Each structure stands twice: as C-alpha cells, then as structure tokens.
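Welcome! Here is a short tour of two places in this structure, written for someone meeting it for the first time.

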Amino acid sequence: MKKLLQSIVILLSVIFQIQAQNYQTFNSGRIASYEDQWNVIKFVRIDSVNFQTDSVLMPFGGFQEISYQECYIIDGVSWLGKEIIVHDNGWNLFVTSEEDTVHINTAVTQGETWTAFHRPGQLIITATLISHDVQNFLGLQDSVKTIGFQAYNHLMEPINHAINSMTVALSKNFGFVRTLNFALFPDIYPYIGNDWDGLREFELIGLSDPQVGVQNLTWMEVHDFQPGDEFHVYYFNATFFAPNELQQTIQRYLDREDFADSVRYSVERIQSTLHYSYQGNTFEFIHDTIIETYRPNEDFDKLPGEIVFDEDWADGAFYYKLNTQWHQAKIKPSPDFWLFNSGEYCWNYLIIDGCISDYTWYKGLGGPYHNCDFWGEIERSLVYYKKGSETWGTPLVIVGMEENQPKNGINIYPNPATDKLWIMCEDTDLPLTVEFYDLHGRLAKEVVLSETVQQIGLQEFTRGFYSYRIYNDAGLTGFGKVVIE
C-alpha cells in the first residue's frame, strides 16, 4: 500500500509539472527566433534559471543606453526585459528595463480580463483573452491563446495608446507565437541595441526544439559546399588608402573531406588581378588548385545580438545581425556601429572616417561580401553561383581563361597537374571514356566516367606532356593536352 501511495504521489507530481509548463511563455531549454514588421530578427535564449519559490528566467542581454550622453553598457537587459518570473499558478511576470512589471496570465480563460500593467496615478493597461483556438505555425499545430490590451488613465478612462492595437499569442507547447519587446513596455523610447522604434510586435519564425524555421547561422553552414559548386566573386578597390586593384575570381569545388573537427575542400581557382596606378598597370593570371579548410568559429556562431569582442580593435565590441530577405545571411556591422570602452562602466560608439562597410556571409555561399563608396570605393561581391541544379547571377568572363574553357561541355583541370586531375561534364554526356597518351602515342591510362565530377589519380604518370581523347557512344567528342608536373 505504501508503494502504491508513493507511485500515486510521483505520478501526480509529474502531471502537475507537465500542466505547469502548458502555455509557459518561454522555456529554458529552447532557443527561439522572432521577426518584426521591419524584418528585424531577434533571438531568445535563457542564460540562467534560478529556482526559489518561483522560477526566474534570465534571457541573454545586449547593448543598453544608461544615460543621455551616449553611454552604454554591453551586458544590458534583454529585449524581453531584465528577467521573466514564472509562477506555478500560470502568472508570467516580465520585468522591464525600468524595473516595472508586466503581468501575463497564461492560465486565462475566455473573456477574462486582468491588470497587466499599472503605473500609479498615470497609466493602467488591462489584458483580455480575445481568442483561444488551434493555429498552424512553422509547420506545427497547437492550441493558441491570443491576448489583447487596452490602456486607461488613472481614472480608468480609455485612452489612445499604441498598446491598444497590439496582441500577444501564446501556444500551449511552444511558448509565445507572437510577443512584444517587453524591455520597452509600454512607452519606453530610448533604444536598447537597435530598438529605435519603441514597443512593437515580433512573430515567431524559428525554434531549436523542435528544430523548425529560422535557426542561428553558423560558420560551418556558411562554408557548406559540395563538389560541383561554383562561385564567381568580383573585387574592386579604388580607395585613397590602398593600391587600386580589380580582381575577378572563379572557384569550383572539386572534392570534400569531412573530419571530426573540420572540413577540407580541393578548389580549382581561376583568378585575374589588375593592379593600376599612375606609374603603370600590371596584370596577373592564376589557374591552380588550392586547399581550403574550415573549423567552427565560436565568435561567429554566437546568437545574433550577443556581444563579440574584436581583437583588431582594442576594447572594441560588436554583435552580428541575421537577415533572411534574399538568402539567409549573418551581418557584421561597420565599425561605425561598434562600441569601445571609454571608461570603467561606459562604452561609446566608434567614429571612423574611411571606406569600411558591413560584412555579410550567406548560408552555403561563403563571404564576406561588402560594398562602400565613402572616400573612394571598395567592393567584394558575389556575382554568380551554381549550387547543385540552382544557379543565380551572371558568370564572369576572365581574360586569359579562354584556353581553359570546357570543350564540348567537358572540362579537365587543373592544367598543369601534380597528383590529381578532375573531369567535369554534363549529365547528358555520361558515360564517357577518357584515354591519355604519352608523347610516343602509347596509351598511359583509360578512365570510364560515370559521374559529372570525377577525380583521377596520376600516380602511374611520369612528368611530361600527355594528350587525351574523350569518347561517348557516338564517338570522339573532345581532345586536348595536359601537363603532369
């Protein structure tokens, strides 16, 4: 009997904990991303949890203005406020940047109204459950409570206020589907970080558990390439502080090797560089194979909005932003928007003259890409890419690369080669047979191609010139020469 009672107590405790988590606004084990009407994206991660009578959730913070002399702290309150206090009875309390409290009743029933905010002698804001239904979001389906607000003066007379047109939406299992930046509730206008526009609504666009929607962009995702990927990059520097240069680069990814802590690529590089000045111009052409290795970057992998300290600037700090308008991208702002330590507690914006712009990295497309035209011009732009069957932009035509272009849609590179050759062709050409002959006309190697990108080892070749012939079912389709070094 005693064991039965213990089992019942444990079961009831588990049921209570599960019920207590229903409609909780945020969860300490989950990262969420939100976006406002101006496409500003913000992330939520609970950095610490204090268990006392209540649970106190501490979201990670960021820049915060602490005076009207442009003085900031870099570990200020989160856009959600200083902390979130979660009561077992369903009340979730958001503490604003000015130490006021916003009360959200997660256990509210249809038509119920309560006081969500009270500034004695000035302002009262009530909240009402205006709908409770099943909604679909991010490919998920859940029960959602939508809560509206109404502002009153101290005599409980309705007044015009921005909050009157705003709502929050709370799901049973995934927290806020729509939230407010509670740090600025209800009418705080000095900005925190980039919150120039005061209180506004943010819609849920991603969750880490389950993993749906927009996630934090990582360094390894930026540099996630596959054999056959191709990128064309235009670089131009015409500032007063550096030699003028025009560079065009084509990179074709040939091979990928995955390791426990890194990924390594073999890359065909075709590059032309024009250096020009009053003394004269010089031109350089490169066609070779290079190795690129990438390992995780802890600073880059931080959530957008987290502080990053930059070694290039003494006591300098910045934060990344996330953008999803064209292609998911992480943006490192120009140093004009960085902070530097000007005192024991005060950080100020850097003021920089020159051509320094935001740096942008794109998911699966590399980077950084940037462009500015102050005191000259400097630009590094992605003008064309091919990833799998997807293409975008206009390919570069590089002076000096004509002799290296594919013959009848077939390309063999690099040339000269050392220990490896790659052959690239279209799917419609397969299968192909490639025969290599030495200077005496003897067959040195025969290869049957069954893939659009295929690697050939050159261990049995000696140094020298070789000719090759390419056949398909219809006969000879191409020929050429290659140098083995």
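Let's start with β31 and strand β32 (residues 420-424), which run antiparallel and are joined by 3 bridges. Within this pairing, Y413 stands opposite W422 in β32. Please keep in mind that the model you are looking at is predicted.

## A strand wrapped in the structure

Next, find strand β13 (residues 167-171). Is this strand largely enclosed or open to the outside? Buried here means under 20% relative accessible area. 5 of the 5 residues of β13 are buried, so the strand is largely enclosed by the rest of the structure.

In a regular strand, side chains alternate between the two faces of the sheet. Both faces of β13 are covered: T167, A169 and S171 are buried on one side, and V168 and L170 are buried on the other.

## The partners of β13

Which strands does β13 pair with? One is strand β12 (residues 140-152), which runs antiparallel to β13 and is joined to it by 5 bridges. Here V144 has S171 as its bridge partner in β13.

Another is strand β14 (residues 175-180), paired with β13 in the antiparallel sense over 3 bridges. S171 takes part here too, with G175 as its bridge partner in β14. A hairpin of 3 residues connects β13 to β14.

Definitions and conventions. Residues are numbered from 1 along each chain as its sequence is written. This is a predicted model: local features need pLDDT of at least 70, side-chain atom pairs count only at pLDDT 80 or more; totals for chains, interfaces and linings use all residues. Side-chain values use heavy atoms; hydrogens and water are left out. Two strands pair if DSSP finds at least two bridges between them. Helices (H or I, at least four residues) and strands (E, at least two) are DSSP runs, numbered from the N terminus. Buried means under 20% relative accessible area, exposed over 50%, partly exposed in between (1.4 Å probe, protein chains only).
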